[in-house]
Amino acid sequence: MSNIVLIIIFLVAAIVGYFIINNVPTLLHTPLMSGMNALSGITVLGALAVTAVELKKSGLNVLAVIFGVVAIILAMINVAGGFGITARMLKMFKKEDDD
Amino acid sequence: METVLSPLVFYIISGVLVAGVLIGLSLMSKPNTARTGNAISAASAIIAIAVTMYNYKVLTAPVIWAAIAVGVVISLIIAAKVKMIQMPQLVALLNGFGGLSSALVAILSIRQAEDSFSKYTAAVALVIGFITFTGSLIAAGKLHKLLPQKPIVFKGHTALVAVTIILTVVAVIINAPVWATALLAACFGVLFSVRVGGADMPITISLLNSLSGVAGGIAGIAVGDVMLVAIGGIVGASGLLLTQIMCKAMNRSLVSILIGSTAKPVIKQEETPAEETEETTEEPAEAPEEAEEEEPLNPEEILKNAEKVIIIPGYGMALAQAQSKVKMLADKLEEKGADVKFAIHPVAGRMPGHMNVLLCEVDVPYDKLYEMEVINPEFKDCDAVIVVGANDVINPAANTAEGTPIYGMPVLDAADAKNVIICNFDENPGYAGVPNPLYTMKNTLLLLGDAKETVSQLIDLI
């Protein structure tokens, strides 16, 4: 996909996201932030892509693969940890007549 | 590198998954649908990971699986062990992980870049990633009390920041070696974060939350991954939105936080930049004042006769771990027929929504938690306000004391209530360093000391 299109997608996603997230009440802002931690871990897609390229190269550069692996580990901590903690937190939000 | 899926198929899948994330987020607008929303976002992310692995033909690569496994195991340990009171530092830490991960992706894509556009974009992602990483580590260290809460200002701090910014920009433009660019960005992250004080943290971690997304999104542009680009943009927008909300709630401009103009101690009578009252450890402020407070106000009478009670929690409640006591107090008051509400200031605590999570954890129903704009008109009909570890957010000086840092900051109108009971650690001004006239008002009762104990005292009275 051309670079310009990618930049446009970035901006459009940001604008659409902004309006959707604007509806999230302050009550849920902490879970929202940990949810965003999870989504920032989606950089694992980039990590997977660049690591895959390194793995397929002839003449393996160990340092480069290590960088890729560390990137995957960190991003996965965010994805799994972020969604996990958000789920745990949201479970605590109860209404008065919910009990 | 050749991918398995044709670009068109990949874009369609990406579009569907991004839509899934957006649907998940829109379900976050209500507490009762939020869990489903989180699950949908999580499912979209997992499918995205699987599709990417398939697309790059690494579904069977042991190295990749090992890395994923390590990450998931670490995250499970963190998710199970973290206490709600530690959420601010955890969010800060994860912001940092996201930033570093994107920075590492950027380093590899600089290596693999075939055109100069990718190279420059990756360099930008590298810079933002490293700023996020070191900035977040400092923020997390402060929130976890490993570093001093007070702003740390180096000699010639502002000049240093300026030089670092210029050098970083130059490094990107001239295609400097990766390590040099990374080092400069890392320095900038430290310089900017170290100067932020405790109560400005909600703004800082919101901003770092945003940057962690932006770093990912730009890394996505460098790698050419649509999904990463879109989701990075969404995360960036979310963090920016929260940053705006926090800035508005504190009447600060983002620029003033970034250039550190809020870091200065502001009120002349203050020698040291005062922290939120409760944080200043064992200070012998109590003994002398105790005697003169023993005046007409009788907390027992106030509480027994109160029909409408509003409780205002602040960071002090979190520090004293007094939230279950506060819940007990609310229950007791309700048992005797009082109407109890909680008033939550947007910047109470150390991150957006901090107080809500702490109170929900101790089973306070969320429909009793009211936002500032909603509850402010109710204070004048309220028989008793109970403040637990909050100061600046109830300081009426914000409406009147021109020239002070909190002037113009929207506050909870606790002063309008018939009686105010304040359970704070000491009488020192809050983080902003502005003395609170509420403390000396006739209808105010000050209970100084550990909030857990003072709230217990109140419970015993009813």
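In the predicted model, helix H1 (residues 3-21) of chain A packs against H8(B) at an angle of about 160°, the two axes lying 10 Å apart. Axes are lines fitted to C-alpha atoms, for helices over the stretch in contact, and angles run from 0 to 180 degrees between N-to-C directions. H1(A) is therefore roughly antiparallel to H8(B) (angles over 145 degrees count as such). The crossing of this pair is right-handed, the near helix being turned clockwise from the far one by less than a right angle. Leu6(A), Ile7(A) and Phe10(A) of H1(A) form the contact with Val214(B), Gly217(B), Ile218(B) and Ile221(B) of H8(B), where contact means heavy atoms within 4.5 Å. These residues comprise six nonpolar, one polar and no charged; Ala, Val, Leu, Ile, Met, Phe, Trp, Tyr, Cys and Pro count as nonpolar, Asp, Glu, Lys and Arg as charged, and the others, Gly among them, as polar.

Within chain A, the axes of helix H3 (residues 44-56) and helix H4 (residues 62-91) come within 9 Å and cross at roughly 160°. H3(A) and H4(A) are therefore roughly antiparallel to each other, and H3(A) passes H4(A) in a left-handed crossing. On the H3(A) side the contact involves Val44(A), Ala47(A), Leu48(A), Thr51(A), Glu54(A) and Leu55(A), which meet residues of H4(A) including Gly68(A), Ile72(A) and Met76(A). The residues of this contact divide into 11 nonpolar, two polar and one charged.

H3(A) has 13 residues and spans 18 Å from its first C-alpha to its last, close to the expected 18 Å (1.5 Å times one less than the number of residues). Of the 13 residues, 11 are buried, so H3(A) is largely enclosed by the rest of the structure; buried means under 20% relative accessible area (1.4 Å probe, protein chains only). The buried set runs from Val44(A) to Glu54(A) and includes Thr51(A). The cover over these residues includes H4 of chain A together with, from chain B, helices H2 (31-55), H3 (62-81), H4 (87-112), H8 (201-223) and H9 (226-250).

Helix H15 (residues 354-361) of chain B is also mostly covered, with seven of its eight residues buried. Among them are His354(B), Asn356(B) and Cys360(B). Asp363(B), which follows H15(B), has a positive phi, near 70°.

Helices are DSSP runs (H or I, at least four residues), numbered from the N terminus. Residues are numbered from 1 along each chain as its sequence is written, and chains are lettered from A and ligands numbered from 1 in the order in which they are written. Local features need pLDDT of at least 70 and side-chain atom pairs count only at pLDDT 80 or more, whereas totals for chains, interfaces and linings use all residues; side-chain values use heavy atoms, with hydrogens and water left out.

Note on methods. Helix = DSSP H or I, 4+ residues; strand = E, 2+ residues; numbered from the N terminus. Parallel < 35°, antiparallel > 145°, perpendicular 65-115°, else oblique. Buried < 20%, exposed > 50% of the residue type's maximum accessible area, 1.4 Å probe, protein only.
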